[in-house]
Amino acid sequence: MIAEMIGVATRKGTLLALIHALAWLVFAAALLALRPALAQDAPKKPIATFIAPLPPPRPAEVRESIESPRAPAIPTAPTDTSEPQPNPPPQSPPRILPPAPRARMHACGLEWQKMKETGAAADKLWFDFARICLTK
């Protein structure tokens, strides 16, 4: 008797599970049938055309002043009538420091900083100091 009850319950449970699965399958098929397959197939929304109304016509006296505006006189700057120089003055050639390794350049920079702090570099230029320091 217990075996029959278990068999019946198992059959009812199996039948209920099959009905439940079939319901979900029908539901999923209905959703797929109602939805377009691709986004490109979806119906496009109509574009609302909007045309702005034109402004009312202007009065005649305003229209005349707009069509022919009178620009204020712009004062002109006095022009220089002197002749331009035919040749610009010659420029001095660029000053180039002697080649040195990076460590030596760093050491010279630190030495220059110390000289500036003590005031020993007051009458010297960096270029003159670096030219001497980098050749050491």
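## Helix packing and aromatic pairs

Helix α3 (residues 102–118) packs against α4 at an angle of about 135°, their axes lying 10 Å apart (axes are lines fitted to C-alpha atoms, for helices over the stretch in contact, and angles run from 0 to 180 degrees between N-to-C directions). That makes α3 oblique to α4, since angles under 35 degrees count as roughly parallel, over 145 as roughly antiparallel, 65 to 115 as roughly perpendicular and the rest as oblique. This is a predicted model: local features need pLDDT of at least 70, side-chain atom pairs count only at pLDDT 80 or more, and totals for chains, interfaces and linings use all residues. Residues are numbered from 1 along each chain as its sequence is written, and side-chain values use heavy atoms, with hydrogens and water left out.

**The chain overall**
- The protein chain has four helices and zero strands (DSSP runs numbered from the N terminus: helices are H or I with at least four residues, strands E with at least two).
- Of its 136 residues, 7% count as buried (buried is under 20% relative accessible area, exposed over 50%, partly exposed in between, with a 1.4 Å probe and protein chains only).
- For contacts (heavy atoms within 4.5 Å) with a separation of 6 or more, 53% involve residues 24 or more positions apart.

**Where α3 meets α4**
- On the α3 side, the residues are Arg104, Met105, Cys108, Gly109, Glu111, Trp112 and Met115, and they meet Trp126, Phe129, Cys133 and Leu134 in α4.
- Trp112, Trp126 and Phe129 also turn up together as a cluster linked by ring pairs.

**Aromatic pairs**
- Searching the whole structure gives four aromatic pairs (rings of Phe, Tyr and Trp, the last by its six-membered ring, with centres within 6.5 Å; planes under 30 degrees apart are stacked, over 60 edge-to-face and the rest tilted).
- Trp24 and Phe27 make an edge-to-face pair, because their planes stand at 85°, with ring centres 5.8 Å apart.
- Those two sit three residues apart in helix α1 (residues 2–34), so about one helical turn separates them.
- Phe27 is partly exposed, at 46% relative accessible area.
- Trp126 and Phe129 have ring centres 6.0 Å apart and planes at 45°, so that pair is tilted.
- In helix α4 (residues 126–134), Trp126 and Phe129 are likewise three residues apart, about one helical turn.
- Trp126 is partly exposed at 38%, whereas Phe129 is buried at 9%.

**A charge over a ring**
- Arg95 puts its charged end over the ring of Phe127, 4.3 Å from the centre (the cut-off is NZ of Lys or CZ of Arg within 6 Å of the ring centre and within 35 degrees of the ring normal).
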